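User: Can you walk me through this one? I'd like to start with the packing and then get to the rings.

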Amino acid sequence: METIHIYHTNDVHSHLDSWPRTRSYLQERRAFHEQHDEACLIVDIGDFIDRSNIFTEATLGKSSITLLNEANYDAVTIGNNEGITLAKEALNQLYTEAKFNVIVNNLKEPDGKIPTWAEPYHVYTLASGTKLGVVAATAPFPDYYNNLGWKIEDPFTRLHESIAQARKEADIIICLSHLGLHSDERLAEQERDVTLIFGSHTHHVLEHGKYINQTLLTGGGKYGRYIGHSIIHYDGMVQQVETELIDTTTLPPERGEHREVAAQQRYGEELLDVEVFETTRFYNKEWYHYSKLSHFFAEALLDFSGADCAFFNAGIFLTDMKKGPVTALDIHRMLPHPINACIFELNEAQLRDILVIIERAEEWPRRELRGLGFRGTVVGKMLTYHFKQQDGHILVNDKILAPGETVKVATLDMFTFGWFFPALKALPKTYLLPQFLRDILTIYGHKYFV
């Protein structure tokens with residue numbers, strides 16, 4: 001009976017405090033299995049990077065590839081944080097130094113060709129001669145990918161094709177899925193040839209996995225808290241599959257791990273310590289009120305987008321903007337979020353509905369928020385610029401908006417996913433890519449002050 005050991009990480013999001021012990025653990029386990037003539041594979045299921053981290057931001061993610069190389073990963077797939085928070089040029093450069101396979105089958109060039117740095121599936125021939133096929137797909141966000149110059153395709157269609165192709169070559173098939181738990185369940189129902197689905201994206205925790213028919217699903221949470229360890233028992237047929245999660249907080253600390261993480265931080269800070277403009281006054285932030293900083297950012301957003309009006313939440317600002325020289329590091333600390341702006345064409349009734357929702361949502365300002373790209377603490381006050389309700393009318397730039405008349409409204413992409421303003425999810429929108437909010441402020445600051 002052959003035992004195949006597969007270790008995985010997922011949704012690390014550049015939370016690197018536990019990385020030294022994770023790397024050491026993976027290195028030790030590979031050495032152990034090689035010593036005992038057991039097959040071992042190490043994979044990551046996407047969103048390893050997160051540009052809210054200064055070390056990651058300063059190198060546009062390439063520092064993370066070095067970390068994965070050091071831990072001897074065999075394969076990775078991409079998550080949305082690799083795929084849509086990097087400009088196309090940056091993603092094309094991300095894996096140039098990778099010593100592992102990058103597998104993803106539903107991201108294509110506009111002409112339908114797979115990127116040069118990726119492959120739709122890969123078959124690993126183990127020392128025993130057993131062939132292990134690995135397929136992978138990432139979450140489809142067409143409004144983002146298409147805008148960035150990619151073509152994103154239906155993952156289920158592409159996975160079905162890759163599984164059929166890999167089945168001709170491989171004895172066992174596993175899937176690296178950055179699609180989320182619900183999609184993994186659907187995939188397991190549809191594809192009976194997949195032995196293991198390594199899950200991510202929805203940050204679900206499956207301590208010992210979850211069976212759907214003959215397929216075992218895994219999920220290792222987020223932020224590097226867990227390492228997944230799965231074992232396939234094989235003797236010409238898959239006899240048993242099992243999985244567990246190793247809590248990285250229970251692993252022995254690595255000597256100097258705090259110094260290593262601090263050194264990464266310093267390296268990122270040094271690279272970003274570049275002046276981008278010089279202000280003539282102090283711009284305070286406020287989470288529960290309008291502020292000088294929110295006014296400045298509103299000007300930047302309207303100038304960049306060409307919109308007539310805008311709304312966003314005050315909680316996006318984590319620091320003030322000081323008087324004097326302002327560096328890229330200062331701007332990143334102020335706006336660390338991997339959030340883009342977007343534009344809607346909204347009419348009088350739709351703007352009125354937004355104002356009603358804001359007025360009624362008294363609990364929003366102090367609500368803690370995690371996800372949707374937000375890397376702050378609380379939502380903060382919802383701020384509206386250049387539109388308001390007065391005497392029963394909706395005014396845009398102090399002019400009454402007639403029923404049926406539309407205007408361009410700029411906001412943040414976190415409000416397009418349905419959590420705050422459900423109606424916006426289904427409406428046509430234009431994402432302003434690849435610039436993040438901090439880039440928009442920097443562009444305007446350079447124009448305004450220089």
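User: What covers the buried residues of H8?

Analyst: This is a predicted model, and in it the cover over the buried residues of H8 includes helix H7 (155–167) together with the strands E9 (172–178), E10 (196–199), E11 (205–212) and E12 (215–220).

User: And which residues of H8 are buried?

Analyst: Within helix H8, which spans residues 181–190, the buried ones are Ser 183, Asp 184, Glu 185, Leu 187 and Ala 188.

User: In what order do the strands of the open sheet come?

Analyst: The sheet has 6 strands with mixed pairing, in the order E6-E7-E9-E10-E12-E11, and its edge strands are E6 (121–125) and E11, each of which pairs on one side only. From one strand to the next, the twist averages 20 degrees.

User: Where does H7 lie?

Analyst: H7 lies across E6, E7 (131–138) and E9, and it runs at about 170 degrees to E7.

User: Switching to rings: how many aromatic pairs are there?

Analyst: The structure holds 29 aromatic pairs, including an edge-to-face one between Trp 19 and Phe 48, with 5.3 Å centre to centre and 80 degrees between the planes. Because Trp 19 belongs to helix H1 (19–35) and Phe 48 to the loop between E2 (39–44) and H2 (54–59), this pair ties together parts that are 29 residues apart in sequence.

User: Is Phe 48 buried or exposed?

Analyst: Phe 48 is buried, at 2% relative accessible area, and Trp 19 also counts as buried, at 3%.

User: Why is the pair of Trp 19 and Tyr 73 called stacked?

Analyst: Their planes are at 25 degrees, with the ring centres 6.3 Å apart, so the pair is stacked.

Note on methods
Residues are numbered from 1 along each chain as its sequence is written. This is a predicted model: local features need pLDDT of at least 70, side-chain atom pairs count only at pLDDT 80 or more; totals for chains, interfaces and linings use all residues. Side-chain values use heavy atoms; hydrogens and water are left out. Buried means under 20% relative accessible area, exposed over 50%, partly exposed in between (1.4 Å probe, protein chains only). Helices (H or I, at least four residues) and strands (E, at least two) are DSSP runs, numbered from the N terminus. Contact means heavy atoms within 4.5 Å. Two strands pair if DSSP finds at least two bridges between them. Axes are lines fitted to C-alpha atoms, for helices over the stretch in contact, and angles run from 0 to 180 degrees between N-to-C directions. Rings of Phe, Tyr and Trp (its six-membered ring) pair if their centres lie within 6.5 Å; planes under 30 degrees apart count as stacked, over 60 as edge-to-face and the rest as tilted.
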